[in-house]
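Keep the sequence and the 3D view at hand while reading.

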Amino acid sequence: LDTKGLAELVYSTYHKDNFGHYENVVNGEFLSLLVEGERNPEEGLSNDKRADWILYEAQMRFKTELLDKDIPEPLKEDYREIVKNIDKIRKEIVVE
């Protein structure tokens, strides 16, 4: 197989519903927005804003990856407490 044929095989294996998009991967079109850009969103963030962003992401991951799952209630309560504690810490951070 050449590069294009190999890309089609691998992509179609993992993306059966839309494997026709492999050409965009091979020619770099799907990656172009990831590697090119006018400005990095993290550029110029203060440490407080960066810390708040990190904590917010942690809260969202707890909510979507743990609290929304079918797990025992005592464990869910522990995770809810963690989310509340993260929220308290976020409120203490002064974001300008």
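## Helix H5

Helix H5 covers residues 73–92, and its 20 residues reach 29 Å from the first C-alpha to the last. This is close to the 28 Å expected at 1.5 Å a residue, where the expected span is 1.5 Å times one less than the number of residues. Helices here are DSSP runs of H or I with at least four residues, strands are runs of E with at least two, and both are numbered from the N terminus. The model is predicted: local features need pLDDT of at least 70, side-chain atom pairs count only at pLDDT 80 or more, and totals for chains, interfaces and linings use all residues. Residues are numbered from 1 along each chain as its sequence is written, and side-chain values use heavy atoms, with hydrogens and water left out.

Which residues of H5 are buried? They are Lys 76, Tyr 79, Val 83 and Ile 86. These residues lie on the same side of H5, because they cover an arc of only 75° around the axis; the arc is that of the directions from the helix axis to the C-beta atoms. Buried means under 20% relative accessible area, exposed means over 50%, and partly exposed is in between, using a 1.4 Å probe and protein chains only. The face of H5 turned away from the buried side carries the exposed residues Pro 74, Lys 88, Lys 91 and Glu 92.

## Helix H4 and its packing

H4 has 21 residues and spans 28 Å from its first C-alpha to its last, close to the 30 Å expected at 1.5 Å a residue. Its buried residues are Asp 52, Leu 55, Gln 59, Phe 62 and Leu 67. Seen down the axis of H4, the buried residues fall within an arc of 80°, so they line one face of the helix. Asn 47 and Ile 54, on the other side of H4, are exposed.

What do the buried residues of H4 pack against? They pack against H5, and the buried residues of H5 in turn pack against H4. Contact here means heavy atoms within 4.5 Å.

## A link between the two helices

Asp 52 sits in helix H4, which runs over residues 47–67. Its relative accessibility is 17%, so Asp 52 counts as buried. Arg 90 forms a salt bridge with Asp 52, and the closest N and O atoms are 2.7 Å apart. The pair links distant parts of the chain, since Arg 90 is in helix H5 and Asp 52 in helix H4, 38 residues apart. A salt bridge is a side-chain nitrogen of Lys or Arg within 4 Å of a carboxyl oxygen of Asp or Glu.

The side chains of Asp 52 and Arg 90 are also joined by a polar contact of 2.7 Å. A polar contact is a pair of N or O atoms within 3.5 Å; within protein, one must be able to donate a hydrogen and the other to accept it, and residues adjacent in sequence count only if both atoms are side-chain atoms.

Lys 91 also lies in helix H5. Lys 91 counts as exposed, at 66% relative accessibility. From C-alpha to C-alpha, Lys 91 and Asp 52 are 8.8 Å apart in space, although 39 residues apart in sequence.

How many salt bridges does a search of the whole structure find? The search finds 6. One joins Glu 77 and Arg 80, with the closest N and O atoms 3.1 Å apart. Both residues lie in helix H5, 3 residues apart, about one turn of the helix. Glu 77 is partly exposed, with a relative accessible area of 38%, and Arg 80 is partly exposed at 31% relative accessibility. Glu 73, Glu 77 and Arg 80 are linked in a network of salt bridges.

Another salt bridge is formed by Lys 84 and Glu 81, where the closest N and O atoms are 3.6 Å apart. Lys 84 and Glu 81 are separated by about one helical turn because they are 3 residues apart in helix H5. An α-helix has 3.6 residues a turn, so residues three or four places apart point the same way. Lys 84 is partly exposed at 46% relative accessibility, and Glu 81 is partly exposed with a relative accessible area of 33%.

## The chain as a whole

The protein chain has 5 helices and 0 strands. Buried residues make up 15% of its 96 residues.
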